[in-house]
Amino acid sequence: MENIEQPQFENVSFNVPEVLSRIRSHQKDVRDIVNANYVDFVSINTPSIIDGLKSLESEIKELVAATGQLTVDKSNVAWNDLRNYQRDLEEAMRGYKIARKLLSVHDLFVSLNLSGNGYEKTAHILGKVKALLDEMEDPVLADLHCFHGLILRYETEYETLINDLNGKFNELVQLQHRSFQNTKSVTIRIHKDENLLYQVVVTLLKTQHNFQTVCQFLMENVFAPVIVKPVSLICDEQSNEESVLIQMSYQLAVGEDLRPGYKTVLSNIMQIFYNLSNMNIVISEDECLFKVLAKQMKKELCTKLIERCLERDIPGTIEGMKESSMVKDLCEFNTFLHTTNFVDGANDQLLEEYANSIETVHQKKLCDNVLDTALEIMKRESHEMVLIKDHEYQFVGSSTAQLSSCMVTRTAVELKKFLDKVLTEAFAHGDAASRFIKTIATILERYMVDVPSANEKLLFKIPQQSALFRNDCTYLNYWLQKNDGKLNDHGSFANISDALKACGEDIFQQQLNSQRAQMMQALNGFKLSINLLELGTEQQRAIRQCVRQFELLKNVWQIVLPDNVYKQSLSGLIDQFLREVMKRIQSLEDITTAIGNGLVLLIDIMTETLPNLFKEPSEVHQLLKQWTKLLQLRQILCGSLVQITELWAEGKGPLTMCFSAEEIKHMVRALFQNTKQRQACIASIV
């Protein structure tokens with residue numbers, strides 16, 4: 001075995017120093033090249049070195065393989081020599097690999113300057129350079145001054161390539177706009193040099209260029225204006241053999257009434273895309289320029305189209321929706337975008353999904369228009385009154401009660417007719433019925449809020465207006481009850497019905513409270529005291545003022561309110577008035593003849609005027625609870641002790657209907673002096 005291994009060892013002993021020498025020589029040559037090109041910048045030719053490098057690399061591989069196969073006795077002197085040779089060889093190999101990488105990078109840089117290199121090849125070479133520079137196999141590389149020079153040169157060459165590409169793309173696809181005082185002009189010219197455009201676009205795409213400037217220009221200056229403004233658009237693809245031309249101009253400020261319809265907008269966008277497709281370089285089935293643009297601008301374009309154009313053009317009437325082809329047009333437009341490869345994978349169904357929702361949006365818009373129309377009716381002046389006959393309008397809950405005519409505002413009548421129309425439409429179009437009926441509920445809810453708010457001063461200051469509003473609410477409530485069979489599936493109407501009735505009654509009740517307060521203020525002039533010798537004009541004025549107030553209410557309420565409501569409301573006020581007057585008379589401790597006569601005159605004024613506040617004056621006995629007591633009080637004020645005793649009739653006479661024994665005794669003491677006759681009269685009143 002030793003006889004066989006010795007010659008191999010001798011061969012290694014001979015070859016390793018020689019290989020090491022050649023590696024050092026090669027490193028020197030590379031060092032000279034790097035220094036010359038990246039330090040001293042003196043050009044040196046490298047082809048012969050590269051050829052020698054290939055030969056040397058082959059020999060190194062063979063030598064490494066040979067040393068790996070050697071088997072030597074570790075006690076042998078040759079073993080130490082072999083280990084030394086291996087260390088030297090490993091160090092040399094490390095230097096060799098560094099030199100090899102530097103030379104490879106340099107060689108790629110040299111190939112950049114070869115004539116005939118296109119943009120794609122240049123980018124490909126720079127890609128290889130970047131890959132080599134990113135492979136940091138040996139940490140020594142990062143410390144080499146020349147290595148940083150290589151990185152700097154790569155960055156310079158890459159920036160130059162990108163600038164050249166952008167410059168060339170801007171020559172091939174010219175995007176220009178000019179703004180004037182009131183208008184803007186946009187010009188896009190695409191040159192028909194397909195080969196060059198292909199090289200430029202493909203290379204830009206391979207360098208992950210995002211075309212942000214192009215997207216921004218198209219959105220701001222082309223698509224956004226086309227969506228919201230009338231534009232003058234000229235697309236010329238035929239007349240010039242060298243280029244395609246897109247020209248557009250529009251006003252900077254445009255009123256809402258001049259905005260284009262959606263058909264015009266879609267047509268213009270399709271025409272623009274069709275001509276822009278001349279720059280849509282297709283690299284593969286999955287990669288093209290339009291797809292890159294779509295990733296940045298499709299969502300914004302579709303959103304603007306929906307929000308600024310389509311939504312406002314969705315018909316707000318049933319007839320308009322029947323005639324509209326928007327759903328079909330939008331689906332065809334979406335298909336067109338797919339065909340032109342303007343797709344981004346994330347927003348490609350946005351328009352189609354919106355097309356599917358147009359019917360729902362239409363229904364909402366329709367109901368919004370219904371609500372707007374109803375609100376417009378509510379805002380109209382409500383002074384004009386309309387007579388509602390008893391057979392048209394049931395004001396009372398009991399079917400056996402007598403019905404009566406009344407007045408409502410023209411506004412309430414128009415609103416009721418409108419609600420009839422809405423309800424008819426709801427059941428004529430079953431798919432929208434639920435939304436229509438919910439809108440009716442909203443209309444009535446808004447009525448209870450908006451009308452009182454808009455007419456607050458009128459309702460609280462003018463008695464006729466509060467009475468009309470009460471009737472209007474009852475009239476609309478009657479409409480709800482009449483259509484209960486159609487609305488019974490919607491529980492909210494039961495609450496709305498109660499609320500409507502309560503709303504009208506509440507406003508009218510506030511008016512009644514105001515009239516009571518006004519009446520009580522007038523009665524402040526009806527002062528009766530023990531020091532009063534006779535009634536003056538002040539007391540008479542107070543009574544006449546209250547009667548006048550009632551007469552004014554009769555003039556504005558009797559023809560407006562249903563008869564039973566009128567009688568109940570006015571009689572309630574008059575009863576309170578009579579109670580207050582009689583309470584003050586009965587509270588007197590001493591009533592002189594002059595005061596008694598004056599009080600009788602005042603009672604006569606009341607008995608003459610108050611019955612005339614009602615259509616049938618004879619009904620005053622049934623309508624006014626205090627009427628009989630007033631007449632009896634007059635009898636007491638005019639009567640003698642004998643007459644009063646007879647009217648009491650030991651607790652069985654007519655006076656017992658309205659007065660207690662103590663009240664009659666008090667009046668006798670106030671009217672008559674203390675005599676035996678008075679004592680006998682008082683004694684008989686038990």
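Mentor: Because the model is predicted, local features need pLDDT of at least 70 and side-chain atom pairs count only at pLDDT 80 or more, while totals for chains, interfaces and linings use all residues. Residues are numbered from 1 along each chain as its sequence is written, and side-chain values use heavy atoms, with hydrogens and water left out.

Trainee: Which residues have the most contacts inside the largest nonpolar core?

Mentor: A nonpolar core is a set of buried Ala, Val, Leu, Ile, Met, Phe, Trp, Tyr and Cys residues joined through side-chain atoms within 4.5 Å. Buried means under 20% relative accessible area, exposed over 50%, and partly exposed in between (1.4 Å probe, protein chains only). The largest core here has 67 residues, and Phe 223, Leu 276, Leu 293 and Leu 305 have the most contacts inside it. Helix α10 (residues 289–313) gives the most to this core, with 12 residues; helices are DSSP runs (H or I, at least four residues), numbered from the N terminus. A second, separate core of 65 residues includes Phe 577 and Ile 636.

Trainee: How many salt bridges are there?

Mentor: Side chains of opposite charge can pair when their charged atoms come close. The rule asks for a side-chain nitrogen of Lys or Arg within 4 Å of a carboxyl oxygen of Asp or Glu, and the count comes to 19.

Trainee: Which parts does the pair of Asp 348 and Lys 298 tie together?

Mentor: Their side chains meet at 2.9 Å, N to O. Asp 348 lies in the loop between α12 (326–339) and α13 (350–378) and Lys 298 in helix α10, so the pair links parts 50 residues apart in sequence. Both Asp 348 and Lys 298 are buried.

Methods: Helices (H or I, at least four residues) and strands (E, at least two) are DSSP runs, numbered from the N terminus.
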